[in-house]
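The following note sets out numbered comments on the model shown below. Each comment takes up one topic and may be read separately.

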Amino acid sequence: MPFKVEVPSMKIIDQIKGHLSAIKTGLEEVFRPNRITIQYPRERRKYPDNFRGLIRFDPTKCISCFQCAFICPANAIQFKLAPNGKYYPCVDYAKCIFCHFCVDACPKGAMQPSKFHDVAYRSLEEMLTPTEKLIEKPDMKVGDVEAVVEFVEKDGRIKIRREHTFYLKVLPEKKKIVLEKHRVEE
């Protein structure tokens, strides 16, 4: 049996209250925005201390115990024979889930965490990172970053705190006072 839904009729006072409430919400967003959008890549998030990024490797501490490969739930770690006769890990970031169990399982601390994660690869084959690349510190140059953004809770609302960084070029021939790096907090 079909039924008909009727639109409730509102009194003029209720309609005015609804419109005023919408205008009030719009004005609040203009003067005190409650958004947490950042303008990536000009702004980057400040990551917590326990953030899990790419894995770094120190071959001087490695004892080739294979614990990192045994513990890896995604089977992302393979070992490769080095010229010195020891086996060293290679990480396949196409499989890696960044759980860092390998870092926790390493008895000598050869596997080390980093906060760096902004990486782009051209192919899946490139994502298999050999030992030589794990040893190198990741290139953490962020280009034209203007601000580092941190989310803070204030008065029950989440707010954005920005630390602006300005980079000025050094002009030695003009002999002016040069500011290389300056941080300003909002």
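Two strands are taken to pair if DSSP finds at least two bridges between them. The model under review is predicted, and K80 stands opposite Y88 in β4.

1. Confidence. The chain has an average pLDDT of 80, and 80% of the residues score at least 70. Among the elements of the chain, helix α2 (residues 67-71) has the highest mean pLDDT, 95, whereas strand β9 (residues 181-185) has the lowest, 46.

2. The three-stranded sheet. Strands β3, β4 and β6 form an open sheet in the order β3-β4-β6, with antiparallel pairing. Because β3 and β6 (128-129) stand at the edges with a single partner strand each, one side of each is left without a neighbour in the sheet. As for β4, five of its six residues are buried, so this strand is largely enclosed by the rest of the structure.

3. Pairing within the sheet. β3 is joined to strand β4 (residues 87-92) by five bridges; Q78, for instance, has C90 in β4 as its bridge partner. The two strands form a hairpin with five residues between them, and G85 in the turn has a positive phi of about 90°.

4. Surroundings of F79. This residue lies in strand β3 (residues 77-81). Leaving aside residues up to four places away in sequence, F79 touches F66, C68, A69, Y87, Y88 and P89. The C-alpha atoms of F79 and P130 are separated by 9.2 Å, although the two residues are 51 apart along the chain.

5. C65 is in no disulfide, the nearest cysteine sulfur being that of C106 at 5.9 Å. For C68, the closest cysteine sulfur is in C65, 6.4 Å away, which is too far for a bond because a disulfide needs the two sulfur atoms within 2.5 Å. C68 is buried, with a relative accessible area of 8%, whereas C65 counts as partly exposed at 30%.

6. Salt bridge within a helix. The structure holds three salt bridges. In one of them, E28 is joined to K24, with the closest N and O atoms 3.7 Å apart. Both residues lie in helix α1 (residues 12-31), four residues apart, or about one turn of the helix. K24 counts as exposed at 53% relative accessibility, while E28 is partly exposed at 31%.

7. Salt bridges between separate elements. D49 and K115 form a salt bridge whose closest N and O atoms are 3.6 Å apart. D49 lies in the loop between β1 (43-45) and β2 (55-57) and K115 in the loop between β5 (111-113) and β6, so the pair ties together parts 66 residues apart in sequence. E132 forms a salt bridge with K80, the closest N and O atoms being 3.1 Å apart. Here E132 lies in helix α4 (residues 131-135) and K80 in strand β3, so this pair ties together parts 52 residues apart in sequence. E132 is partly exposed at 45% relative accessibility, and K80 is partly exposed at 32%.

Conventions: Residues are numbered from 1 along each chain as its sequence is written. This is a predicted model: local features need pLDDT of at least 70, side-chain atom pairs count only at pLDDT 80 or more; totals for chains, interfaces and linings use all residues. Side-chain values use heavy atoms; hydrogens and water are left out. Contact means heavy atoms within 4.5 Å. Buried means under 20% relative accessible area, exposed over 50%, partly exposed in between (1.4 Å probe, protein chains only). pLDDT is the predictor's confidence in each residue, from 0 to 100. A salt bridge is a side-chain nitrogen of Lys or Arg within 4 Å of a carboxyl oxygen of Asp or Glu.
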